[in-house]
Amino acid sequence: MLYQISISANILRFLGIFLAIFAESCIVSSPFAIAQTEQPKTNPLEIPLEDPLLPPNSRPLSPLERRVLRETLDRFNAQAQIQLVAGNDEAAFEIWYRELRLRRVLGNLEEVQALGRVGSIAWERTRTPDVQIINKRLVTLQQTLEGKETLTPELLSAFAQAYQKLHNLDDSLVIYQRIFLNARQSQNPVAEEAALNQLGELYLAKFDYPNAAVIYEELLKRSQAKFNTYEEGIYLQNLAEIYNKSSQPENAVKIKQSLVERYLQAQKIELVPPLKIQIGEDYEALKQLEKSSQAYQEAYALAWSLQQYGAAAEALSKLGNLYQTYQQEDYALQIYQALLRVEQLSYNYYGLMKAYDKIGQIYLNKQQYQPALVAFQQGLTIAQSLNYQQDYFSTKIQEVNTKREQEANNEK
């Protein structure tokens with residue numbers, strides 16, 4: 001009899017838990033209940049952990065109770081998502097805050113992961129107070145666990161990811177630096193590279209290009225040592241972008257030249273012309289004009305052979321501008337005349353109009369009024385078809401005619 005009474009007591013206890021869960025689910029799902037709910041005045045994550053879903057006397061949950069609670073909290077998350085989609089943000093976050101409080105019972109790892117998940121949604125919804133509340137809980141929990149020396153590698157990674165989701169990049173960086181050092185001490189190169197990749201992404205997100213460059217240079221060396229051409233290509237592209245944005249043309253040239261060699265070896269020639277144009281820009285920034293001119297010419301020749309008329313036109317345009325900038329107008333004129341053909345083939349009427357304008361300007365500067373007039377008239381015809389800059393070309397034509405008349409009068 002005693003054995004039967006014991007079983008009955010257990011059944012009653014579990015029935016009580018399930019009934020509490022069912023009742024709570026009904027309350028959460030009720031629109032009327034949600035409408036009557038007021039936003040808590042205090043920090044919702046600092047409310048004492050008392051809930052009908054938890055057993056009395058704060059005793060540890062049994063494995064079955066933990067599983068039931070986890071499933072219930074997963075349902076809470078789903079219900080909050082439904083409320084969010086319906087536009088009931090306040091109701092959604094009220095459900096999530098209860099879920100977050102109860103996640104503590106299931107362990108630090110589950111709580112941190114849940115804080116990151118909900119924090120990401122708060123950030124996306126620009127709910128700044130909620131982001132601050134969740135970030136504060138993360139910081140407090142991290143400090144508590146560090147005091148107890150219970151921050152496992154798995155927990156460190158979870159904290160770093162949670163901070164990242166909250167866009168708390170500084171704290172995330174600090175943790176990934178610790179993860180990297182721990183991986184190095186334990187001689188785990190796979191974990192080292194994973195941490196380095198995360199650090200690189202975070203530095204880029206902070207627009208910290210000097211530190212990002214250091215990270216990706218290290219990753220590039222590692223990929224080259226492993227003969228991993230796929231990773232090498234990714235890191236070269238990242239470095240090229242970093243050096244471009246940080247105005248380091250000398251470093252950018254080296255990286256882009258390496259990329260060109262890779263593309264040629266991999267027979268990905270179609271990727272080379274845009275890179276050659278960028279290399280020309282870098283040399284131009286370095287005042288190495290011969291190398292800049294050569295890079296633009298190579299870009300044009302290759303793009304033309306590949307029928308990449310857009311890239312060919314861009315290379316010629318930059319080359320013409322380069323010659324014009326340094327008063328080599330005869331060379332610039334030849335380039336812009338070649339540009340006319342490219343723009344015609346690509347049916348780029350705007351580019352064609354601009355090329356005629358450049359040609360007209362050069363002839364005008366050289367006081368060769370007849371070819372200047374022809375160029376501006378051609379430009380005006382295209383401008384009229386585009387309904388764009390007609391007044392500009394009309395003014396230039398008038399300017400040429402005026403100067404022709406003045407020259408004729410002077411000759412008399």
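This is a predicted model: local features need pLDDT of at least 70, side-chain atom pairs count only at pLDDT 80 or more; totals for chains, interfaces and linings use all residues.
User: Is Arg222 buried or exposed?

Analyst: The cut-off for buried is under 20% relative accessible area. Arg222 has a relative accessibility of 14%, so Arg222 counts as buried.

User: How are helix 9 and helix 10 oriented relative to each other?

Analyst: Packed helices are described by the angle between their axes and the distance between those axes. Helix 9 (residues 189-205) packs on helix 10 (residues 209-225) at about 150 degrees, and their axes are 8 Å apart. Angles over 145 degrees count as roughly antiparallel. That angle therefore makes helix 9, relative to helix 10, roughly antiparallel.

User: What is the handedness of the crossing of helix 9 and helix 10, and how many nonpolar residues does the contact have?

Analyst: The crossing of helix 9 and helix 10 is left-handed. Helix 9 brings residues including Glu192, Glu193, Leu196 and Tyr203, while helix 10 brings, among them, Ile215, Leu219 and Arg222. Sorted by class, the contact of helix 9 with helix 10 has 5 charged, 3 polar and, for the class you asked about, 10 nonpolar residues.

User: And how are helix 8 and helix 9 oriented?

Analyst: For helix 8 (residues 169-185) packing on helix 9, the axes are 9 Å apart and the angle is about 160 degrees. The roughly antiparallel class covers angles over 145 degrees. So helix 8 runs, relative to helix 9, roughly antiparallel.

User: How many charged residues does the contact of helix 8 with helix 9 have?

Analyst: The crossing of helix 8 and helix 9 is left-handed. Helix 8 takes part through residues including Tyr176, Phe180 and Arg184, and helix 9 through residues including Glu192, Leu196 and Leu199. By class, this contact of helix 8 with helix 9 has 13 nonpolar residues and 3 polar ones, and the number of charged residues is 2.

User: Where is Thr126, and what is its phi?

Analyst: Thr126 sits in the loop between helix 5 (108-124) and helix 6 (128-147). With a relative accessible area of 66%, Thr126 is exposed. Most residues other than glycine have a negative phi. Thr126 isn't glycine, yet its phi is positive, near 50 degrees.

User: What about Gln389: what is its phi?

Analyst: Gln389 lies in the loop between helix 18 (369-386) and helix 19 (390-411). Its relative accessibility is 27%, so Gln389 counts as partly exposed. The phi of Gln389, again a positive value in a residue other than glycine, is near 60 degrees.

User: How far apart are the C-alpha atoms of Ile95 and Gln83?

Analyst: Ile95 belongs to helix 4 (residues 89-103), and at 9% relative accessibility Ile95 counts as buried. Gln83 is 12 residues from Ile95 along the chain, and the separation of their C-alpha atoms is 9.2 Å.

User: Zooming out, what share of the chain's residues is buried?

Analyst: The secondary structure comes to 19 helices and 0 strands. The chain exposes about 23,100 Å², with carbon and sulfur atoms supplying 52% of that area. Of the 412 residues in the chain, the buried share is 41%.

Technical notes: Residues are numbered from 1 along each chain as its sequence is written. Side-chain values use heavy atoms; hydrogens and water are left out. Helices (H or I, at least four residues) and strands (E, at least two) are DSSP runs, numbered from the N terminus. Buried means under 20% relative accessible area, exposed over 50%, partly exposed in between (1.4 Å probe, protein chains only). Accessible areas come from the Shrake-Rupley method with a 1.4 Å probe; for residues, only the protein chains shown count as cover. Axes are lines fitted to C-alpha atoms, for helices over the stretch in contact, and angles run from 0 to 180 degrees between N-to-C directions. Angles under 35 degrees count as roughly parallel, over 145 as roughly antiparallel, 65 to 115 as roughly perpendicular and the rest as oblique. A crossing is left-handed if the near helix is turned anticlockwise from the far one by less than a right angle, and right-handed if clockwise. Contact means heavy atoms within 4.5 Å. Ala, Val, Leu, Ile, Met, Phe, Trp, Tyr, Cys and Pro count as nonpolar, Asp, Glu, Lys and Arg as charged, and the others, Gly among them, as polar.
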